[in-house]
Amino acid sequence: MRCLIALLVLPLLAACQSPNPYQAESLPMPPAPPGAANTFDRSAYPAPPRDYGRYRTWSWDGSRPPSGAAWIGGEQLADSVSAGLDQFGLRPAQNGQGDLLVSARLNQETRLRQYYDDSGTYYGGGPWGRQYGAWGSTPIVRTYEQKVAVVRLELIDPRDHQVVWSGSGEALAGKDQSDQAEAIRSAIRAALAGYPPH
């Protein structure tokens with residue numbers, strides 16, 4: 001048996017002694033394309049942190065204020081956005097383009113709300129002071145619709161046209177004009193919550 005294994009291994013050992021037909025060689029590197037030394041690949045590096053402190057003024061994106069909606073005018077929406085931005089030290093640009101471009105959209109949307117009612121009921125009674133009965137509760141889920149005002153804001157840096165902030169906020173739509181105006185202000189506050197990012 002050992003002789004048989006030795007006879008089988010012997011050709012393998014002989015094959016290891018033969019010269020390797022594959023030779024290591026390398027080709028020269030191709031020349032760099034013209035202008036490669038002057039090309040900077042921005043995608044290879046993280047973006048530098050944005051200095052939000054330099055944003056002091058703003059103007060409307062496309063030089064057009066928002067159009068509003070059927071239930072609230074564009075001028076009222078524009079005034080509310082301006083007041084919301086003012087809370088963060090952002091003032092409307094007096095001459096020309098601001099440090100930020102502002103885009104605002106307003107929609108009225110429907111939300112489904114659910115209310116859970118799990119109040120219980122006692123059933124029972126009895127003659128001569130003996131009481132018997134049962135208590136039970138059955139949860140009742142009530143679903144209803146609410147109209148909400150939804151404001152979506154985008155703040156754009158005009159130098160590189162990058163969106164530096166975007167947010168949306170919503171508030172329960174009011175039934176009269178003053179309630180609707182307050183809903184818009186609340187939605188704008190929610191959309192700007194957390195600006196500027198830290």
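**Close-up views of a predicted model**

The crossing of helices α2 and α3 is right-handed. The legends below describe a predicted model.

**View 1. Helix α2 packs against helix α3.**
Two packed helices are described by the angle between their axes and the distance between the axes. Here α2 covers residues 74-86 and α3 covers residues 177-191. The angle is about 40°, and the axes lie 9 Å apart. That angle makes α2 oblique to α3, because angles under 35 degrees would count as roughly parallel and 65 to 115 as roughly perpendicular. On the α2 side, the contact is formed by Gln76, Leu77, Ser80, Val81 and Gly84. On the α3 side, these meet Gln177, Ala181, Ile184, Arg185 and Ile188. By type, the residues of this contact divide into five nonpolar, four polar and one charged.

**View 2. The largest nonpolar core has 28 residues.**
Which residues have the most contacts inside this core? They are Val81, Leu85, Leu100, Leu153, Leu155, Ile188 and Tyr195. At least two residues of the core come from each of β1 (57-60), α2, β5 (100-117), β8 (140-157), β9 (162-172) and α3. The largest share, five residues, is supplied by α3.

**View 3. Val81 belongs both to the helix contact and to the nonpolar core.**
Leaving aside residues up to four places away in sequence, Val81 touches Trp60, Val102, Ala104, Leu153 and Ile188. Two of these neighbours, Leu153 and Ile188, are also listed among the residues with the most contacts inside the core. Ile188 is one of the α3 residues in the contact with α2.

**View 4. Arg56 sits in the loop between α1 (2-17) and β1.**
With a relative accessible area of 56%, Arg56 is exposed, since the cut-off for exposed is over 50%. Which residues does Arg56 touch, not counting residues up to four places away in sequence? They are Gly89, Leu90, Arg91 and Asp99. Arg56 and Asp86 are 30 residues apart along the chain, and their C-alpha atoms are separated by 9.8 Å.

**View 5. Ser63 and His161 have a positive phi.**
Most residues other than glycine have a negative phi, and most peptide bonds are trans. Ser63 is not a glycine, yet its phi is positive, at about 60°. Its place is in the loop between β1 and β2 (68-69). At 70% relative accessibility, Ser63 counts as exposed. His161 is not a glycine either, and it has a positive phi of about 60°. The loop that holds His161 lies between β8 and β9. Is His161 buried or exposed? His161 is exposed, with a relative accessible area of 60%.

**View 6. A cis peptide bond joins Tyr195 and Pro196.**
The omega angle of this bond is about -10°. Pro196 is placed in the segment after α3. Tyr195 is one of the residues with the most contacts inside the largest nonpolar core.

**View 7. The whole protein has three helices and nine strands.**
From the N terminus on, the elements run α-β-β-β-α-β-β-β-β-β-β-α. The protein has 198 residues, and buried residues make up 25% of them. Among contacts between residues at least 6 apart in sequence, 68% join residues at least 24 apart.

Methods
Residues are numbered from 1 along each chain as its sequence is written. This is a predicted model: local features need pLDDT of at least 70, side-chain atom pairs count only at pLDDT 80 or more; totals for chains, interfaces and linings use all residues. Side-chain values use heavy atoms; hydrogens and water are left out. Axes are lines fitted to C-alpha atoms, for helices over the stretch in contact, and angles run from 0 to 180 degrees between N-to-C directions. Helices (H or I, at least four residues) and strands (E, at least two) are DSSP runs, numbered from the N terminus. Angles under 35 degrees count as roughly parallel, over 145 as roughly antiparallel, 65 to 115 as roughly perpendicular and the rest as oblique. A crossing is left-handed if the near helix is turned anticlockwise from the far one by less than a right angle, and right-handed if clockwise. Contact means heavy atoms within 4.5 Å. Ala, Val, Leu, Ile, Met, Phe, Trp, Tyr, Cys and Pro count as nonpolar, Asp, Glu, Lys and Arg as charged, and the others, Gly among them, as polar. A nonpolar core is a set of buried Ala, Val, Leu, Ile, Met, Phe, Trp, Tyr and Cys residues joined through side-chain atoms within 4.5 Å. Buried means under 20% relative accessible area, exposed over 50%, partly exposed in between (1.4 Å probe, protein chains only).
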